[in-house]
Amino acid sequence: MKISYNWLKQFIKTDWTSEQTSELLTDLGLEVEVVEKYQSIKGGLEGVVVGHVLTCEKHPDADRLKVTTVNVGLEAPIQIVCGAANVAAGQKVPVATIGTILYDKDGAEFTIKKGKIRGQESHGMICAEDELGLGNSHDGIMVLADDLVPGTPASQVFQVTNDEVFEIGLTPNRADAMSHYGTARDLRAGMLQRSVNVELITPSVSNFRVDMRTLKIDVNVEDNHLAPRYCGVTISGISVHESPSWLQDRLKAIGLTPKNNIVDVTNYVLHELGQPLHAFDAAKINGKIIVKTVEEGTKFVTLDDVERTLHKEDLMICDEKGPLCIAGVFGGKKSGVSEGTTTIFLESAYFDPVSIRKTAKRHQLSTDASFRFERGIDPTITEYALKRAALLIQEVAGGKITSDVVEVYPKKVEDFSVLLNFSHVSKIIGQEISKDTIKKILVSLDIKVNSVSDSGLGLTIPAYRVDVQREIDVIEEILRVYGYNNINFSKKFNATVANSPRTEDYKVQNVIASQLNSQGFHEMMANSLTTAAYAKLSTSLKEEHNVSMLNPLSSDLATLRQSLLFSGLEAVSYNINRKNSDLKLFEFGKTYHKYLNGYEEHKHLSLLISGNRNKESWTSPQKTTDFFLLKGYVKAILSRLGIEKISNTPVQSDIYSEGTAITYNNDILVEMGVVKKPILKHFGIKQDVYYADFNWDLVLKIITGKIKYTEIPKYPEVRRDLALLIDQNTSYESIFNLAKQTEKALLKDINLFDVYQGDKLPEGKKSYALSFTIQDNSKTLTDAQIDKIMSKLQQTFETELGASLR
């Protein structure tokens with residue numbers, strides 16, 4: 001946001017330098033990022049003076065040049081060689097003296113130097129208007145008024161405006177400060193706190209009066225929620241033309257390009273008071289003004305000649321034939337002010353911030369008006385700003401007020417009530433501030449003190465302070481005006497060492513994150529906001545369970561995610577498109593769900609792998625990732641956390657083409673598998689992606705139990721191997737479970753170390769090579785005991801699975 005210092009000083013009379021003012025504004029939270037100088041004429045005509053041409057003779061060696069002597073206010077006249085055809089003795093002219101810097105039409109600077117032209121010395125330059133930046137004419141030199149005194153600075157003659165402009169990095173919550181008046185209001189509070197008594201001067205509208213009641217345009221607001229307050233007035237007999245220089249300079253100083261006197265006034269009042277306005281050509285309004293929404297799909301051409309398709313929730317300013325303007329956002333092509341306009345309907349309104357923001361984002365429009373409306377403007381100055389603009393229009397465009405102010409304001413926007421506790425102020429700020437100082441600060445911020453007690457204050461917050469609705473907000477206001485730099489800090493530092501358990505969430509996350517990082521994984525952090533359309537990619541996700549934003553930034557950030565998968569696939573797609581296709585990613589994050597009985601959020605850990613296992617190397621062949629690699633990473637995490645007694649069950653989610661679920665006491669702990677091709681296609685991914693989803697809340701619940709330790713066995717373990725010929729559809733899991741049931745006491749581990757399927761085996765058969773680890777913690781096993789266990793296992797496999805030894 002740009003604030004003109006000259007403009008600001010119309011509200012507060014001060015002799016402070018821009019440096020002092022910018023320092024105070026920054027202390028108040030309106031951070032001044034830079035202060036720039038503005039001049040209505042580039043260079044400010046510094047070094048250009050009024051000259052009196054005393055003599056003018058033809059150049060002896062050039063037909064088109066003349067040698068002049070010019071009085072520029074020095075002790076002696078100077079000689080200047082001039083090529084203008086209209087130069088003559090006796091004229092008063094602008095002269096750029098030696099060392100003056102001028103600018104060409106492209107903004108490039110050039111310096112006037114002493115020189116010789118065809119043998120004649122020249123000590124300056126007599127200027128045309130385009131050379132000074134005063135116009136586009138280069139027909140000849142400028143001839144000034146005869147009564148001017150030689151040596152008078154040209155900046156005085158042409159009334160060059162010099163200004164300083166503050167570039168303020170305004171935070172989105174400070175809608176009240178998005179104008180010169182709002183900034184001045186804050187500045188006054190800061191100056192009063194520093195014992196500088198200043199008055200806030202507001203433009204008077206006492207001269208507003210209705211000249212004749214010849215053109216009343218009725219207003220009908222169909223939805224008072226979307227447009228709580230609407231005002232309008234007609235002005236007839238205006239003349240649309242270029243704005244006066246003072247108005248143009250004000251707008252140019254803050255980076256706006258002047259259009260015409262009507263549009264410039266509306267922009268001027270917007271940046272002066274923070275109230276957006278809009279002027280309609282009254283001759284193009286059919287019947288009355290109707291503020292309403294229109295049918296879905298209605299076409300509308302805006303001022304930028306773009307045809308837009310309207311949404312059913314877009315608030316529109318219409319007449320009896322159709323839309324005229326997108327309320328609070330952008331005007332319409334057909335109803336805009338043009339050079340032929342003689343009568344206008346001037347609008348000033350307060351629109352619902354949420355509605356305006358949605359409309360602006362929907363149509364990808366960001367205007368000065370929408371920027372303010374969507375953050376919340378002051379609903380109390382709607383009529384005042386209208387009258388202010390009407391008077392300015394009469395000043396710069398003539399015309400007469402031809403109707404009373406039409407106002408629709410059925411329900412007043414109320415101020416906010418807040419109770420402030422003095423002890424809370426001291427506790428939050430960390431320093432006691434006197435009660436009188438607190439009251440003084442609050443009054444300087446237009447906050448009314450309704451009641452006073454020993455413990456606190458009853459306050460009324462003005463409606464325009466949409467960011468101050470709680471006690472903590474009031475305390476923040478007190479602190480920023482009192483001054484953060486005025487808070488004393490102790491030289492003593494106190495620290496508290498918290499004794500948190502080893503199973504604290506962040507500690508467990510760090511352990512697992514370190515493990516995954518050592519295995520080649522990279523941690524990712526995705527936005528919790530996503531698009532609602534992702535819920536359609538899986539039947540296990542329900543659109544009605546989406547937690548939707550009331551005021552989303554865009555349709556892509558409108559809903560809180562129900563799954564970490566889709567934001568993870570966005571990252572996978574992003575990397576693959578940039579030639580980084582070998583991926584191992586993990587993320588700790590939350591999912592959000594809406595149910596009939598309320599809202600829930602759940603913590604998850606997700607793993608995503610895709611592409612090759614390792615980088616290409618001559619020492620090892622390329623091998624792609626697969627489901628078993630993912631399963632190994634999952635099992636390693638569970639092993640690191642000491643989670644045992646788990647079971648495998650079929651996966652229930654339809655996001656996997658193949659997969660499995662690991663359960664603990666019948667609760668799903670992890671789901672993992674190969675992501676379905678149609679889902680990958682939605683993200684433009686052509687290679688396989690393997691995904692695992694941990695229920696992190698359940699993980700934390702499981703590991704919070706007491707840790708059990710067992711002594712390292714004194715007696716050796718024994719390994720025996722079996723090569724079994726089994727049916728094609730027999731799984732390793734069934735062998736594992738059957739072996740554990742057969743020998744519960746001494747069988748410690750089972751491992752599948754080879755799988756063979758080929759034409760040398762009978763049809764429908766496969767071969768599993770398994771190792772069995774047997775151990776007795778109380779004694780050394782004998783060969784007879786070992787053979788008995790292995791015989792029992794072999795017999796069980798033959799009976800239950802139809803297996804045979806190879």
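Rings of Phe, Tyr and Trp (its six-membered ring) are paired if their centres lie within 6.5 Å; planes under 30 degrees apart count as stacked, over 60 as edge-to-face and the rest as tilted. By this rule the count comes to 16 aromatic pairs. The model is a predicted one: local features need pLDDT of at least 70, side-chain atom pairs count only at pLDDT 80 or more, and totals for chains, interfaces and linings use all residues. Residues are numbered from 1 along each chain as its sequence is written, and side-chain values use heavy atoms, with hydrogens and water left out.

**Aromatic pairs**

- Tyr 534 and Phe 683 form a tilted pair, with 5.4 Å from centre to centre and 45° between the planes.
- This pair links distant parts of the chain, 149 residues apart: Tyr 534 is in the loop between strand 29 (529-530) and strand 30 (547-548), and Phe 683 is in the loop between helix 17 (677-682) and strand 37 (689-695). Helices (H or I, at least four residues) and strands (E, at least two) are DSSP runs, numbered from the N terminus.
- The rings of Phe 566 and Phe 683 are stacked, because their centres are 6.3 Å apart and their planes are at 10°.
- Phe 566 lies in helix 15 (residues 565-576) and Phe 683 in the loop between helix 17 and strand 37, so the pair ties together parts that are 117 residues apart in sequence.
- Phe 566 is buried at 4% relative accessibility, and Phe 683 counts as buried at 10%. Buried means under 20% relative accessible area, exposed over 50%, and partly exposed in between (1.4 Å probe, protein chains only).
- Ring pairs also link Trp 7, Trp 246 and Tyr 268 into a cluster.

- Helix 6 (residues 245-253) has buried residues, including Leu 247, Asp 249 and Arg 250.
- The buried residues of helix 6 pack against helix 1 (5-8), strand 2 (31-39), strand 12 (162-169), helix 7 (261-273) and helix 10 (382-397), where contact means heavy atoms within 4.5 Å.
- Just after helix 6, Gly 255 takes a positive phi of about 90°.
- A nonpolar core is a set of buried Ala, Val, Leu, Ile, Met, Phe, Trp, Tyr and Cys residues joined through side-chain atoms within 4.5 Å. In the largest nonpolar core, of 76 residues, Leu 420 and Ile 478 touch the most other members.
- Helix 10 gives the largest share of this core, nine residues.
- Apart from this core lies another, of 36 residues, among them Ile 217, Leu 270, Met 316 and Leu 324.

- An open sheet of four strands has the order 39-40-38-41, with antiparallel pairing; two strands pair if DSSP finds at least two bridges between them.
- The edge strands, strand 39 (747-756) and strand 41 (804-805), each pair on one side only.
- Strand 39 and strand 40 (residues 765-774) run antiparallel and are joined by eight bridges.
- The bridge partner of Val 755 is Tyr 768, in strand 40.

**Cysteines**

- The structure holds zero disulfides, a disulfide being a pair of cysteine sulfur atoms within 2.5 Å.
- The sulfur of Cys 56 is 7.5 Å from the closest cysteine sulfur, in Cys 82, which is too far for a bond.
- Cys 231 is in no disulfide, and the nearest cysteine sulfur, that of Cys 325, is 16 Å away.
- Cys 231 is buried, with a relative accessible area of 0%, whereas Cys 56 counts as partly exposed at 22% relative accessibility.
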